[in-house]
Amino acid sequence: MGQLELDSVTKRFGEGDGSVLAVDDVNVDIADGEFLVLVGPSGCGKSTTLRMVAGLESITDGEIRLAGRRINEQAPAERDIAMVFQSYALYPHMSVRGNMRFGLEESTDLEDAAIDERVEETAALLDITELLDRKPGALSGGQRQRVALGRAIVREPEAFLMDEPLSNLDAKLRSQMRTELQQLQADLDTTTVYVTHDQTEAMTMGDRIAILDDGELQQVATPLEAYHRPANRFVAGFIGDPSMNFVDCAVEGDALVADAFRYPLAGAAAAAVTDGEPVSLGVRPEDVAVDVSGGDGSEYGFSAVVDVVEPMGDENVVHLSLEAGPELVATVDGLRRIDGGTDVAVSISPDAIHVFDDRSGEALHSRSLDDAELTEARV
C-alpha cells in the first residue's frame with residue numbers, strides 16, 4: 001500500500017535568528033493510488049517538501065510515513081520512492097536502455113534477464129521502444145521526458161515524486177504530456193505527488209491539489225472545491241485564470257458598501273458577516289455579466305466602462321472600470337462584439353459571490369453550489 005503521510009512536516013534552513021522557515025507544519029494524507037498536486041508560487045516550499053519526502057533534504061521537525069512506516073531517517077535509495085526531475089537528469093554517456101536499467105542494477109538483486117524484461121515492458125508502455133539504443137543527446141525534449149518517466153516506472157516503487165517535469169516543454173507538447181501522464185498514472189495506480197507552479201496542470205491533473213504559500217499549506221481539496229470554495233483569499237486569487245475579482249467593502253447592515261456600489265446581501269451571505277467589519281467581495285470573471293445595452297436596473301447591477309478587450313477565441317476577456325475606481329475583469333463569449341470605451345451595465349448574481357475577511361483573508365462565504373456538483377469523476 002502506497003499511502004503517504006506528512007505529519008507536521010517542517011523545514012528550516014540555518015540556525016538562530018538568521019534561519020529561514022521554508023516549510024511550516026505541513027499536514028497531508030495521500031491515499032494509496034492518489035494523484036496529489038502540490039501547487040503554489042515560486043519559493044512557496046513545494047519543491048522543498050517533495051525533496052524531504054524523497055530524502056534529498058533533511059526534516060527539521062515532523063514525520064513522513066510511507067505505507068505506514070516512518071522514513072525520516074532512511075536514505076533515498078531505501079525509501080521505495082522514484083523521482084522524476086525537472087531537468088530529466090539522464091546520464092548523457094548512457095543509452096536510453098542504460099539509463100532505464102541503471103537504477104535497477106544498483107538497487108536490486110534482479111538478474112539481467114528480469115531487468116531487460118522490465119525495461120522492454122516499460123518502453124512499450126511509453127512508446128519509446130525504438131529509442132532504447134539512442135543516447136539522450138539524440139532525443140527531443142518530449143522523448144527525454146518519457147525516458148525519465150520510464151527510469152522511474154521500471155523500479156515499481158510505492159510512490160512517484162515529480163518535480164515540475166513538464167516545465168521545459170513547449171506549450172503544445174506540455175498539453176499532450178499532461179494527458180499522457182494522467183492516463184499513465186491511472187493505469188499504474190501508483191501514489192503520485194506532482195509539483196508545479198502551473199495552475200492549469202494542477203486543475204487538470206490532480207485528484208486533489210494542495211496549495212502552498214510562503215511555506216504554509218493553505219488548502220487541500222479537489223480542483224473544483226478549490227476553485228468554487230476557496231479556503232481564503234490567497235487560494236481564490238491564485239486558482240483561476242483570469243483570477244478572481246476582489247473589491248474592498250465595508251459591511252453596513254444588510255449590504256456590502258464600496259466606493260462604486262452598494263451590494264445587498266441576503267440569506268447565508270448576510271448571516272456570515274458582521275456589521276461594520278471590513279471585507280472583500282470576490283467574484284469569478286465568468287460570473288460578471290456584461291450588458292452592452294446599458295442600464296443597471298437590477299439591484300445587483302452598476303455602471304462600468306470597457307477599458308480593454310482581449311480576444312481569446314473561445315472567449316473575450318473584458319477589463320472594466322467602475323465609476324469610483326475599482327476595476328473588474330469579466331469573461332464573455334468569444335463571438336460577442338464588445339469595444340473599448342463602451343458604457344455597459346454590469347451585474348453579479350448573489351448566488352455567485354464570495355466574501356473574505358479583510359484582516360485574515362479567511363473565507364466567510366462561498367458561492368452556492370449543490371454538494372453533488374462538487375463530486376468529480378476521473379475518466
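These are my notebook entries on what I looked up in this structure.

**Ground rules**

I am working with a predicted model, so I keep in mind that local features need pLDDT of at least 70, side-chain atom pairs count only at pLDDT 80 or more, and totals for chains, interfaces and linings use all residues. Residues are numbered from 1 along each chain as its sequence is written, and side-chain values use heavy atoms, with hydrogens and water left out.

**Whole chain**

I started with the elements and found nine helices and 21 strands in the chain. Helices (H or I, at least four residues) and strands (E, at least two) are DSSP runs, numbered from the N terminus. The C-alpha atoms fill a box of roughly 80 × 50 × 40 Å along the principal axes.

Next I looked up burial: 48% of the 379 residues count as buried. Buried means under 20% relative accessible area, exposed over 50%, and partly exposed in between, with a 1.4 Å probe and protein chains only. I put the accessible surface at about 17400 Å², with 45% of that belonging to carbon and sulfur atoms; the areas come from the Shrake-Rupley method with a 1.4 Å probe.

Then I checked contacts (heavy atoms within 4.5 Å). Among those with a separation of 6 or more, 65% are between residues 24 or more positions apart.

I also looked up charges: 30 positive and 71 negative side chains, with the centres of the two sets 7 Å apart. Lys and Arg count as positive, Asp and Glu as negative, while His and the chain ends are not counted. The place of a charge is NZ of Lys, CZ of Arg, CG of Asp or CD of Glu.

**Glu105, in α2**

I picked Glu105 in helix α2. Glu105 is partly exposed, at a relative accessible area of 36%. Glu105 and Met177 are 72 residues apart along the chain, and their C-alpha atoms are separated by 28 Å.

**An open sheet**

I traced an open sheet of four strands in the order β2-β1-β4-β5, with antiparallel pairing. Its edge strands are β2 (20-30) and β5 (69-70), each pairing on one side only. Two strands pair if DSSP finds at least two bridges between them. Strand β4 (residues 61-66) is joined to β5 by two bridges, and Leu66 has Arg69 in β5 as its bridge partner.

**The β17-β18 hairpin**

I found seven bridges joining β17 (residues 315-322) to β18, and the two run antiparallel. Leu320 stands opposite Leu328 in β18. The pair forms a hairpin with four residues between the strands, and Gly325 in the turn has a positive phi of about 115°. Five of the seven residues of β18 (327-333) are buried, so β18 is largely enclosed by the rest of the structure.

**Ser347, in β19**

My last stop was Ser347 in strand β19 (residues 343-348). Ser347 is partly exposed, with a relative accessible area of 27%. Beyond its neighbours within four places in sequence, Ser347 is in contact with Asp287, Val288, Ala289, Tyr300 and Gly301. Ser347 and Gln86 are 261 residues apart in sequence and 44 Å apart in space, C-alpha to C-alpha.
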